[in-house]
Amino acid sequence: MSRRADFPPAVRKIIAERAGYQCSVLNCGRLTIGPAPDGSATVRTGMAAHIFAAAPNGPRGTGGLSPAERSEPENGIWCCYTHGKAIDSESGSLYSATQLKAWKRLHEARKGAEVTGVASDSYGLVELIRIDSAPASLAGRTFNLGMRNIITGPNASGKSVLTRLIASVSHPDHVAKMSRRQDVDIAVKWFDPNNHDVATSGRAGEVSHVLDGRSVPYVARPYKTILLSLDTGDSLEHIASLAQMLDLNIASTKALLRLLPEASDVIREIQIVGDRVEWVLNLQGRLIRETRPSHLPALLSAQLLVELASAHARHHARVEPTFLLIDGLFGRFHDMNVVRSTLERLESAAEHAQVAVVTASRQVADCATDWTIAELEGGRGSEFRCPVDFEVQTTLDIPGR
Ligand SMILES: [Zn+2]
């Protein structure tokens, strides 16, 4: 693709130096500077790729940034030659801007930690889960995870198993339960931004972990997983239900709720009366006080839950890698404009948390222009057009359902 506004040399240098002259693409890290054979010169093979395009019609568009902003160091990711070319091939469709920003930040966080000896950025990412043995048809598969993911495909076996395996680093009971029927062996890699690798095995209800090469009774500092299944009717009504859904204590759930009106267009005010939550909503200019949120339309309650879960994920991702998995929600949306706006809201509101939206609707995937799409067929993965490959289905037991 044409690159009409390359980074100025000084900016390119900053981008390269911030990356330690190493490729920022996940798991590449190739050195792009070194000695030339003649003994007095250097060889340079790296390039600064634009995250949002130099030209308005370039790969990944402009992201709403001005030309000046698009030539700032923040908009550049340092890459080896191979990845630099790949990032701009196929009109930029192979890598989303979100993905590139995540890799850049992660790589810079690691380099920063190497230089200073301390991790100054708590940024992290769950990179992959490898499944060696498990129920369903998941055995032998490796799922690479991106920052913003849509997992789409028909309802099939394996989704809920995989979700629980992803969550099992912090909730090993899932593995214990599965292993009563069948042996479970998985490995998960993530960063915080130090590398971690945990192998989890389940045998006849007993679970063992090997974390970073050492046997441990449990993973003391796992990444956070928030599993949200939205076929719940009254979960907006009671603090306890919300707390359980978010895997959060009561006091923190209340605090989180009180924060919502600041950031939301729809939520004007939240009042907590005993164990009950009252929502004051701004619906197209009309103020509604809802004391029985279970009576809200399913679509609206789904939007409120997105707000709440995003706020929780956003807050948590500031201290450790956080993965928000949302299943079932988008089945409520039949209007693709609502899908689009909800994805946009999720995209920005979750900030640095990883997100996966699980949906049977292929239309939802079509609405997600800047998301990584994983398409599954009939319980087995098909060809993926993005480096993400997993399906998720989860349910949550909410009291009072
Ligand atoms: Zn590379």
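**Helix packing**

I looked up helix 7 (residues 239-246) and helix 8 (residues 250-263), and found that their axes come within 9 Å and cross at roughly 95°. Helix 7 is therefore roughly perpendicular to helix 8, a term that covers angles of 65 to 115 degrees. Axes are lines fitted to C-alpha atoms, for helices over the stretch in contact, and angles run from 0 to 180 degrees between N-to-C directions. Helices (H or I, at least four residues) and strands (E, at least two) are DSSP runs, numbered from the N terminus.

I noted that this is a predicted model, in which local features need pLDDT of at least 70, side-chain atom pairs count only at pLDDT 80 or more, and totals for chains, interfaces and linings use all residues. Residues are numbered from 1 along each chain as its sequence is written.

For the contact itself (C-beta atoms, placed from the backbone, within 7 Å), I listed Ile239, Ala240, Leu242, Ala243 and Leu246 of helix 7, which meet Ile250, Thr253 and Lys254 of helix 8.

**Strand pairing**

I then followed strand 13 (residues 267-273), which runs antiparallel to strand 14 (residues 276-283) and is joined to it by six bridges; strands pair if DSSP finds at least two bridges between them. Valine 273 stands opposite arginine 276 of strand 14, and in this hairpin, with two residues between the strands, glycine 274 takes a positive phi near 65°.

Strand 14 also pairs with strand 15 (residues 286-290), in the antiparallel sense over five bridges, where I found leucine 281 bridged to isoleucine 288 in strand 15. The hairpin of strand 14 and strand 15 has two residues between them, and glutamine 284 in the turn has a positive phi of about 50°.

Note on methods. Angles under 35 degrees count as roughly parallel, over 145 as roughly antiparallel, 65 to 115 as roughly perpendicular and the rest as oblique. Two residues are in contact if their C-beta atoms, placed from the backbone, lie within 7 Å.
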